[in-house]
Amino acid sequence: MANTWANAHLKRIEQVKKFCLPGEKWGPESDELTPSWKLCRREIHLKYGQILDGLYTL
């Protein structure tokens, strides 16, 4: 397990259980970031909402 070392320093409730990496890079030219590199939460929710919801179910 790749995250065993990181999780060893955390309480069980704080440990990483699941994670997902997007398949594309985010930048100002994409919808996920503004020109000043701030997150566009609405666009992220629209594109990745279903994936994010899946991360919070055990």
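This is a predicted model: local features need pLDDT of at least 70, side-chain atom pairs count only at pLDDT 80 or more; totals for chains, interfaces and linings use all residues.
Residues are numbered from 1 along each chain as its sequence is written, and side-chain values use heavy atoms, with hydrogens and water left out.

Start with the aromatics. Rings of Phe, Tyr and Trp (its six-membered ring) pair if their centres lie within 6.5 Å; planes under 30 degrees apart are stacked, over 60 edge-to-face, and the rest tilted. That rule gives one aromatic pair. Trp-26 and Tyr-48 have ring centres 5.7 Å apart and planes at 35°, so they count as tilted. Trp-26 sits in the loop between H1 and H2 while Tyr-48 belongs to helix H2, so the pair ties together parts 22 residues apart in sequence. (Helices here are DSSP runs of H or I with at least four residues, numbered from the N terminus.) As for cover, Trp-26 is partly exposed because its relative accessible area is 28%, whereas Tyr-48, at 15%, counts as buried.

Now look elsewhere in that loop. Phe-19 lies between helix H1 (4–7) and helix H2 (41–55), and at 59% relative accessibility it counts as exposed. Its C-alpha atom is separated by 15 Å from that of Trp-5, 14 residues apart along the chain. Leu-21 is also in the loop between H1 and H2, and it is exposed, with a relative accessible area of 67%.

Notes: Helices (H or I, at least four residues) and strands (E, at least two) are DSSP runs, numbered from the N terminus. Buried means under 20% relative accessible area, exposed over 50%, partly exposed in between (1.4 Å probe, protein chains only).
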